[in-house]
Amino acid sequence: MDGGLLEKEQIMQARILSVGLIVLMFSMVGCGRSETSPTQAQNSGGSDAINQLAADRGLTPDDVRAALMTYQPSGRLDDYIMFSSGGHSGQVFVIGMPSMRLLRSIAVFTPESWQGWGYGVGDEVLAGGDVNGKANRWGDTHHPALSETGGDYDGQWLFINDKANARIAVIDLRDFETKQIVKNPVAINDHGGAMVTPNTEYVIEGGQYATPLGWSYAPLEQYNQSYRGMVTLWKFDRKAGRIDPQRSFALELPPYWQDIFDAGKLASEGWIFGNSFNTELATGGIEKGNAPFEAGASQRDADYLHIINLKKAEQAYKDGKFDRVNGFAVISLKTCIDEGILFFAPEPKSPHGVDVAPKGEFIVVSGKLDPHVTIYSIDRIKQAIADQNWELEAYGVPVLDLDAVVEARVEVGLGPLHTQFDPHGYAYTSLFLDTQVARWTLGGAYSELHPEPAWTVAGKVRVHYNVGHIATAEGDTVSPDGKYLVSMNKWSVDRFFHPGPLFPQNFQLIDITEGGDKMQLLYDMPIGVGEPHYAQIIEAAKLKPWAIYPEVGWDPHTQQVRADAAKAGEERIERDGKTVHVYMTAVRSHFNPEHVEVNEGDHVVWSITNVERAEDATHGLAIPAYNINLSLEAGEAVTFEFDADQPGTFAFYCSEFCSALHLEMAGYLLVKPAEMAMSQ
Amino acid sequence: MHRGRYLLPTLLLTLAATLLLGSIFLPYWRMTLHAPQYPSGLQVQAYINRLEGDVHEIDGLNHYIGMRPLNEAATLERSLSGMMIAALALLTVGAVFIHSRWAMLLSLPAVLFPAGFLLDLYLWMAYFGHHLDPRAPLSSAIKPFTPPVIGQGNVGQFTTIAMPDVGLVLATVASAMILLGVWFHRRAYKPLFDQAFGQKVQSDE
């Protein structure tokens, strides 16, 4: 029987104590601790049996090592937690490492019925992302960003963008629930979000496909004059746990398609860096005989690395040097140039990654159509700015001299896309076309951390297939942990049973603990619920999530007790004219009240509290025909409203299997037809 | 040596009274419940004036068998217990100053207190276990029972383990010290007492 040893020990203690009570009558004795002999592991046949098992299954020694590196016996928790974007599922995935077990899909931009998100809870958060009053109930999440203190993850907040509608969501890591969605008033889509500054002062959101600011109408013939790019600095109020749009601002940028951004740290703190493509200003139109975007936007050899002086941008905002677009503060391109906020440097074309090295002194850019990564130095950038070593481009932005700002180039392979770091002076870059991950050495202060010469490739590992982003443990912070790398592959082709023609994505776990060319593929994790982009990996010990809500009657949205929370012993139904307020509690295994009787045409306000205090004692409330399903975690209180516009008999029930009498946890909503109610 | 003869009982009785007073702030008894779905168990600790631990959860589970909420037990005892223990301690200290055999009677309540606590607990457990709500969901599956006050019991998938806690141990140590103290007290003062009053008795004869 489980826990039998524990129980026996306790019974022994009980006996010792009760015998002790009698003994104590005559003499004083010290309390002895009962000794348990260490249990000896059962010999399961030794290595012969294991070797036979491996041979039977056709496993190589490397396979066995991979299994031993990743297997978690039941009850053993993972060391790292990965927060992965959920792609166009609109959610965020929480995955334990190294086991690669999916622990949670956090509902963010898309309604999710298990969590009740959009079915009675979260509606006001979702509405924050409405576009001009129109509900857009899906999202394309790309880049999660954990909150940072001193450039290191602090485990408190998570931000993520929605590329489709240019929105940012705020997730509280006490309960892993979305607290806020903000719609960018300047741009209709984004890509360069979410990234945070080293103390989470700002959440960065860079745009992608240029439109007139505020996405007003302008014909494509006016592209150069009317269309613009942007980057937004959302001010995060950590105390309130919300982005404050009133203290946020955007920078107007030329209509190059901005891609991804990263915040400077340590040596480069106070700067932010971004990529762009389509500096050709192509407007497509394949059907009109024009070059399609894919060709038109790839003509020049170089695009522009965006170098932004955040301190000066902040000063310009504080000095009121901004206009308003849709009510939102925007610092004009002219001000950005005049105030020395914005600089460019040529970068390899069609870039994706712009990644700041752990000490902040190097910025690594990878252009998908150039086999090199290009490493820029913040010191060189500052020097070039001081020397005014630049030429002006078409919009008047200073373009720093390439040779003056580049520290090194490393030929890593075909299709370099995104770079991460480890504590041993190695950088890792995904190679989309080669479908590999390259490990290469950083120079400068990192040279002494690895045996290889600086700026050389140390090794490569094959991945399956078409890797996009990669993530190493805390690999974009000031103190990367290394250990694990996850390759987020777009195609899985032959790696899994394919459930029809829609294939899962493939997250591949790679061991990077050893240096040089030693990198071992450990595990394939299929993702069958969306196409993730970037992920961040945090040490599990840094997260301090609640197991139950701190007090009964808790509102997860405000993170305090609701004034109108239904309390145990005070359950009731009150009528005020045509409004009926239900105060209901849920506990294993009943709702109270169980009969809710209203009239057709009533407006129903329903407050329900899960009064449980046990971990994992979640209840649901499913009301058919009224499109309601709640997830009520222990202590949670929710108030939802609906118009009782459908007469009839509706059985509501607990939709989370809670107890042996779970099926009995049900009740009836009786909506009396209006004519019957009138005749009474 | 001669002073020690009188000091020892005073020390023992005063210390016993102090232990008794200290026990007010410590748990007297605890019960741990083990079940497969509660890997770290559930525990309730009984102080002389309150219950602590997973009372809410245990009450929630008990409603299935129709047991009353734990806090409905021993309300009178719990409301008086602080004053009562203070009084017992005072009586024990008082015994130091009474040099006759009445000192034994004064300290007797404190000596019996631990046994009284356990007896009261047992009676409440028996009452609760035999007054289950017949309309409870599992009323037909559970026969009336008395959960053990010390040791192991079983209800459904739960194994309960009850044992005295540190407060009761202190109170018991205090009992032992009082017995010893009174014995030394009598040994020290009986001769004096007999000398003072015994001669008088003799002279009366």
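Chain B has five helices and five strands, where helices are DSSP runs of H or I with at least four residues and strands are E runs of at least two, numbered from the N terminus. Along the sequence the order is α-β-β-β-α-α-α-β-β-α. Before going on: this is a predicted model, in which local features need pLDDT of at least 70, side-chain atom pairs count only at pLDDT 80 or more, and totals for chains, interfaces and linings use all residues. Residues are numbered from 1 along each chain as its sequence is written, and chains are lettered from A and ligands numbered from 1 in the order in which they are written.

Now the shape of chain B. Its C-alpha trace spans about 75 × 35 × 25 Å along the principal axes. The radius of gyration, taken over C-alpha atoms, is 22 Å, well over the 17 Å from the globule rule for 205 residues, so chain B is more spread out than a compact globule. That rule is 2.2 Å times the number of residues to the power 0.38.

Of the 205 residues, 33% are buried, meaning 20 or more other C-beta atoms within 10 Å of the residue's own, with C-beta atoms placed from the backbone.

Next, one helix. α3(B) bends by about 50 degrees at Ser81(B); the bend is the angle between axes fitted to the seven residues ending there and the seven starting there. Ser81(B) is also buried, and other buried residues of α3(B) include Ile85(B), Leu88(B) and Val96(B).

Last, chain A. It is divided into domain 1 (80-283 + 292-421) and domain 2 (554-678), with bounds from an automatic or database domain assignment. The domain centres, over C-alpha atoms, are 42 Å apart.

Definitions and conventions. A residue is buried if 20 or more other C-beta atoms lie within 10 Å of its own, exposed if 12 or fewer, and partly exposed in between; C-beta atoms are placed from the backbone.
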